[in-house]
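Hi,

Here is the structure I promised to pass on.

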Amino acid sequence: MAEAISESISFFRSQLENRRFGDATLRILESVLVSKDVLSLLETRSALRYLLRSEAISVVREISQKTADEKLCAVEFFVRAFALVGDVESCLALKYEALVLRETKYLKGHGLQVLHEEWLTFAKDSLDNGFYAIAVKGFESALMCIQSNNNIDPVTVTMEEHAVNKIKKLRDMATALVASHSVQTESATYLKRKAIHEDLIGSSCSATTTYVASSMFRQGIKRRNMQKLYRSQVL
């Protein structure tokens, strides 16, 4: 069983190295993830996450000079692949890049541009998974999509106003969480530094106390010996 999984991962790796970013490669990935053994599945997912992250970095560098279509194809493939292996952070990071690429490419393409619902879904997913800063960007992009529409239909305008109010509330919540997270991080850092400082002071005081006590003990012994010597001399 382990050998079969290893062979499947190797085959999947070869597909990535040959830059075959299609449904067939994703089906290979899905077949690798089929396992009845929970421990094996966890180990396999971990290995695949490492592989995908490594390959994604290489591919992103390679496609920097490619066309928008080639970039989009590669990025969307990795979005789906990361989703399959449960790498939420990498999935959302590349999902953001994919949306930006689509927005740039189809800025004036009727029916092809990114909808505000897509940005909203992305922002909600980011918010739910604790990526508050990127969620703020997503909500801002959703608002820009709505504001760029020049609708004159009263019903549509009313619906968009309702959507704008809802998105603004979510954006404000995400912004507050960013600030709160920052404060918590700073507080944790301060408390950690304070604890270290107190440990150092405590160690210093302990060393000083030990030194003073030792000195007093030696002086007491010396004084006692002097008293014995004096009595001996008197006798």
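The crossing of α5 and α6 is left-handed. This is a predicted model, by the way. Two packed helices are described by the angle between their axes and the distance between the axes. Here, α5 (residues 88–105) and α6 (residues 116–128) pack at about 160 degrees, and their axes are 11 Å apart. That angle is over 145 degrees, so α5 runs roughly antiparallel to α6.

Which residues make the contact between the two? From α5 there are L92, K95, Y96, L99, V100, R102 and E103, and from α6 there are E118, W119, F122, D125 and S126. Sorted by class, that contact of α5 with α6 has 6 nonpolar, 5 charged and 1 polar residues.

Next, helix α2, which covers residues 23–32. Its buried residues are T25, L26, I28, L29 and V32. Looking down the axis of α2, you'll see those buried residues fall within an arc of 150 degrees, so they line one face of the helix.

Most residues other than glycine have a negative phi. R19, though, has a positive phi, near 60 degrees, and isn't a glycine.

Cheers

Definitions and conventions: Residues numbered from 1 in each chain as written. Predicted model: local features only at pLDDT ≥ 70, side-chain atom pairs only at ≥ 80, totals over all residues. Heavy atoms only, no water. Buried < 20%, exposed > 50% of the residue type's maximum accessible area, 1.4 Å probe, protein only. Helix = DSSP H or I, 4+ residues; strand = E, 2+ residues; numbered from the N terminus. Arc of directions from axis to C-beta. Axes fitted to C-alpha atoms, helices over the stretch in contact; angles between N-to-C directions. Parallel < 35°, antiparallel > 145°, perpendicular 65-115°, else oblique. Left-handed = near helix turned anticlockwise from the far one by under 90°. Contact = heavy atoms within 4.5 Å. Nonpolar A, V, L, I, M, F, W, Y, C, P; charged D, E, K, R; others polar.
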